[in-house]
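Subject: A structure for you to look at

Hi there,

Here is the structure I promised to pass on. Please open it alongside this note, and then read on for what turned up.

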Amino acid sequence: MPADALPRLKELIGTYTVITFIPDIDRYQRIRTNKTGTCIFKGCTEPVAWEDAHGSNFLCEGHYPVIRQWIMEARKGLISSGQSAHFRPEK
């Protein structure tokens with residue numbers, strides 16, 4: 001992950017989610033049983049569909065690809081300077 005992409009990724013996560021760390025998205029798994037909880041994205045009320053390897057830090061069906069893309073873009077250096085495909089800084 002390029003050095004300037006890491007702070008931007010942390011900023012996106014801090015702004016739009018309730019967590020303060022970069023989740024291990026490669027170890028997320030689809031929830032196959034009934035689980036109660038909420039998506040880590042602020043204000044999201046959609047049903048949870050994904051969980052981390054510890055069975056927590058839930059994501060809904062819509063936010064899973066968003067955070068996955070952020071992390072993939074950061075690994076490639078594509079979100080530096082706010083160039084994420086999903087969220088750009090407001091002007």
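Which residues of the largest nonpolar core touch the most other members? They are Ile25, Tyr28, Ile40, Phe41, Leu59, Ile67 and Trp70, out of 21 residues in that core. By nonpolar core I mean a set of buried Ala, Val, Leu, Ile, Met, Phe, Trp, Tyr and Cys residues joined through side-chain atoms within 4.5 Å. Buried stands for under 20% relative accessible area, exposed for over 50%, and partly exposed for anything in between (1.4 Å probe, protein chains only). Helix 2 is the main contributor to this core, giving 6 residues, while helix 1, strand 2, strand 3 and helix 2 each supply at least two.

Before the details, a word on the source. This is a predicted model, in which local features need pLDDT of at least 70 and side-chain atom pairs count only at pLDDT 80 or more, while totals for chains, interfaces and linings use all residues. Residues are numbered from 1 along each chain as its sequence is written, and side-chain values use heavy atoms, with hydrogens and water left out.

**The overall picture**

The chain has 2 helices and 3 strands, arranged along the sequence as α-β-β-β-α. Helices (H or I, at least four residues) and strands (E, at least two) are DSSP runs, numbered from the N terminus. Of the 91 residues in the chain, 38% are buried. The accessible surface is about 5,600 Å², and carbon and sulfur atoms account for 51% of that surface; the areas come from the Shrake-Rupley method with a 1.4 Å probe, and for residues only the protein chains shown count as cover. Taking contacts between residues at least 6 apart in sequence, 47% join residues at least 24 apart, where contact means heavy atoms within 4.5 Å.

Setting aside neighbours within four places in sequence, Tyr28 is in contact with Pro23, Ile40, Trp50, Glu51, Asp52, Ser56, Asn57, Leu59 and Tyr64.

Met72 sits in helix 2 and is partly exposed, at 25% relative accessibility. Again leaving out neighbours within four places in sequence, Met72 is in contact with Ile25 and Asp26. The C-alpha atoms of Met72 and Ile25 are 9.4 Å apart, although 47 residues separate the two in sequence.

**Salt bridges**

How many salt bridges does the structure hold? There are 5, counting a side-chain nitrogen of Lys or Arg within 4 Å of a carboxyl oxygen of Asp or Glu. Here are three of them.

Asp26, the contact of Met72 mentioned above, pairs with Arg68 in a salt bridge at 3.9 Å, N to O. Asp26 lies in the loop between helix 1 (5-16) and strand 1 (29-30) and Arg68 in helix 2 (residues 63-76), so this pair ties together parts that are 42 residues apart in sequence. Both partners are partly exposed, Asp26 at 45% and Arg68 at 29%.

Glu61 and Arg30 form another salt bridge, with their closest N and O atoms 2.8 Å apart. Since Glu61 is in the loop between strand 3 (59-60) and helix 2 and Arg30 is in strand 1, the pair ties together parts 31 residues apart in sequence. Relative accessible area is 43% for Glu61 and 32% for Arg30, which puts each of them in the partly exposed class.

Then there is Glu51 with Lys35, at 2.6 Å from N to O. Glu51 belongs to strand 2 (residues 48-51) and Lys35 to the loop between strand 1 and strand 2, 16 residues apart. Here Glu51 is buried, at 8%, whereas Lys35 is partly exposed, at 34%. Salt bridges with shared partners also join Asp26, Arg68 and Arg75 into one network.

**Cysteines**

The structure accordingly holds 0 disulfides. Cys44 is buried at 12% relative accessible area, and Cys60 is buried at 3%.

Enjoy looking around!

Best wishes

How values were computed:
Disulfide = S-S within 2.5 Å.
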